[in-house]
Amino acid sequence: MTYRIAVITSSPNKDGLTAACGKAIEKGALEAGATVDLIDLNPYNIGRCKACGTGYGTCRTEHRCQVIDDFQNLHERLVAADAYAVVTPVYWGDLSESAKAFLDRVRRCEATSGEASKLAGKPCIGVAAAGGRGGGTITCLLNMQQWFNHVRSEIFDLITVTRKSRAYKLLAMEAAAKAMVEYIREKAEQ
């Protein structure tokens, strides 16, 4: 059986550290026999959560966002995956704005589903990629970890990377993606 891995990246720099991290995870997953849906959020029109109505709209009752833009298609692609990775540049110790906009809306739809979240139990990898001086990776990963817990995903790995650690961390990301695919395979056989 072939497993599908969604790799979400969220940097406007197509040749930067975040893009390289996404490609490393893609490479590892492909080498392990998975198919990969590489999703770069930046070209898409994904508005921020509007906290519709009195704080929740259809996200609470129907588990779908009522703000119509590119979010719906990307949300479907994410939940269709067997596992996923979120790769973000670190901006001021946090995820990029495009990652936050998308993930905030996913959380509203999935966390309100409780154990029925379409992301519940799905293995995931979080990567915080800090260029510049390399700070803020830990707080960024903390925010990702909380998000993964809210949607009830199974954290497979959390990885920090800076431009100084790039060479060996890209290899670690490839290995993590391979191991995650193998983990899914073994779990399915049980």
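Which strands does helix α5 lie across? In this predicted model, helix α5 (residues 137-150) lies across β3 (83-89), β4 (123-130) and β5. These strands belong to an open sheet of 5 strands.

- The order of the strands is β2-β1-β3-β4-β5, and their pairing is parallel.
- The edges of the sheet are formed by β2 (35-40) and β5 (154-162); each has a single partner strand, so one side of each is left without a neighbour in the sheet.
- From one strand to the next, the twist averages 15 degrees.
- Strand β1 (residues 4-9) runs parallel to β2, and 6 bridges join the two.

- Helix α5 runs at about 155 degrees to β4.
- Helix α6 (residues 166-189) lies across β1, β3, β4 and β5.
- The direction of helix α6 is at about 170 degrees to β5.

**Aromatic rings**

- Phe 71 counts as buried because its relative accessibility is 1%.
- Phe 102 is likewise buried, with a relative accessible area of 1%.
- Tyr 91 and Trp 92 form an edge-to-face pair, with 6.3 Å from centre to centre and 65 degrees between the planes.
- Tyr 91 is partly exposed, at 27% relative accessibility, whereas Trp 92 is exposed, with a relative accessible area of 81%.
- Ring pairs also link Tyr 84, Trp 147 and Phe 148 into a cluster.

**Charges over a ring**

- The ring of Tyr 56 has the charged end of Arg 60 over it, 3.9 Å from the ring centre.
- The charged end of Arg 108 also sits over the ring of Tyr 56, at 4.3 Å from its centre.

**Cysteines**

- A disulfide is a covalent bond between the sulfur atoms of two cysteines.
- A search of the whole structure finds 0 disulfides.
- Cys 21 is accordingly in no disulfide, and the nearest cysteine sulfur, that of Cys 140, is 11 Å away.
- Cys 21 counts as buried, at 0% relative accessibility.
- For Cys 109, the closest cysteine sulfur is in Cys 65; the two sulfur atoms are 5.5 Å apart, which is too far for a bond.
- Cys 109 is buried as well, with a relative accessible area of 0%.

**A loop residue**

- Lys 118 is located in the loop between α4 and β4.
- In sequence, Lys 118 and Ala 81 are 37 residues apart, while in space the distance is 9.9 Å, C-alpha to C-alpha.
- Leaving aside residues up to four places away in sequence, Lys 118 touches Val 79 and Glu 110.

Conventions:
Residues are numbered from 1 along each chain as its sequence is written. This is a predicted model: local features need pLDDT of at least 70, side-chain atom pairs count only at pLDDT 80 or more; totals for chains, interfaces and linings use all residues. Side-chain values use heavy atoms; hydrogens and water are left out. Two strands pair if DSSP finds at least two bridges between them. Helices (H or I, at least four residues) and strands (E, at least two) are DSSP runs, numbered from the N terminus. Axes are lines fitted to C-alpha atoms, for helices over the stretch in contact, and angles run from 0 to 180 degrees between N-to-C directions. Contact means heavy atoms within 4.5 Å. Buried means under 20% relative accessible area, exposed over 50%, partly exposed in between (1.4 Å probe, protein chains only). Rings of Phe, Tyr and Trp (its six-membered ring) pair if their centres lie within 6.5 Å; planes under 30 degrees apart count as stacked, over 60 as edge-to-face and the rest as tilted. A charge sits over a ring if NZ of Lys or CZ of Arg is within 6 Å of the ring centre and within 35 degrees of the ring normal. A disulfide is a pair of cysteine sulfur atoms within 2.5 Å.
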